[in-house]
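The walk below takes them pair by pair.

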Amino acid sequence: MNTIFTRTSVRKYLNKPVEEDKIMTILKAGLQAPSACNQQPWEFFVVTNKAKLEELSAMSPYSAMVKDAPAAIVCGMHTDCMVPDMACQDCSIAMENIWLETTDQGLGGVWLGTYPDEERMEKVRKILLLPDNLKAFAVFPLGYPDGPVTPKVRDDETKIHWVK
């Protein structure tokens with residue numbers, strides 16, 4: 001459970017590649033996510049090509065750090081699945097698993113939302129040549145953090161309500 005409390009957004013990375021075995025472990029955490037009717041509407045694309053990372057860094061006003069990341073995981077979302085209305089939630093669970101395992105591996109990352117912004121999804125689709133039946137759900141740059149990582153404490157108990 002400690003990983004949940006130490007996970008934070010990391011936007012600066014050391015100029016050091018991330019080992020493929022760590023990325024595979026991270027991806028397996030994503031694949032392990034539950035989904036509605038076990039539809040698993042995700043596909044993951046690992047981007048390490050510097051030119052592609054540079055292109056992805058221009059997908060939104062908030063994605064500049066992608067160009068400096070040694071890798072990014074892009075989650076594609078199928079909407080031609082059994083329960084398409086739940087695909088977004090399914091992919092969110094998978095992405096959270098990816099983020100938690102990234103932290104557990106001693107790495108850092110940040111979730112950059114593309115879905116449901118049509119312009120962002122289209123930019124990512126063109127950069128990665130995604131098929132038309134796959135929507136770009138999220139971009140997750142990751143790497144070794146460049147500097148100390150300080151998680152935010154989120155313990156506002158006024159957000160908790162008991163119904164007895």
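W42 is buried, at 6% relative accessible area, where buried means under 20%, exposed over 50% and partly exposed in between, with a 1.4 Å probe and protein chains only. The model is predicted, so local features need pLDDT of at least 70 and side-chain atom pairs pLDDT 80 or more, while totals for chains, interfaces and linings use all residues. Residues are numbered from 1 along each chain as its sequence is written, and side-chain values use heavy atoms, without hydrogens and water.

Across the whole structure, a search finds four aromatic pairs. Rings of Phe, Tyr and Trp (its six-membered ring) pair if their centres lie within 6.5 Å; planes under 30 degrees apart count as stacked, over 60 as edge-to-face and the rest as tilted. W42 and F44 form a stacked pair, 6.5 Å centre to centre with 20° between the planes. F44 is also buried, at 18% relative accessibility.

W99 and F140 make an edge-to-face pair, with 5.8 Å between centres and 65° between planes. Because W99 lies in helix 4 (residues 87–104) and F140 in strand 5 (residues 134–143), this pair ties together parts 41 residues apart in sequence. Helices (H or I, at least four residues) and strands (E, at least two) are DSSP runs, numbered from the N terminus. W99 is buried at 7%, and F140 is buried at 0%. Ring pairs also link W111, Y115 and F137 into a cluster.
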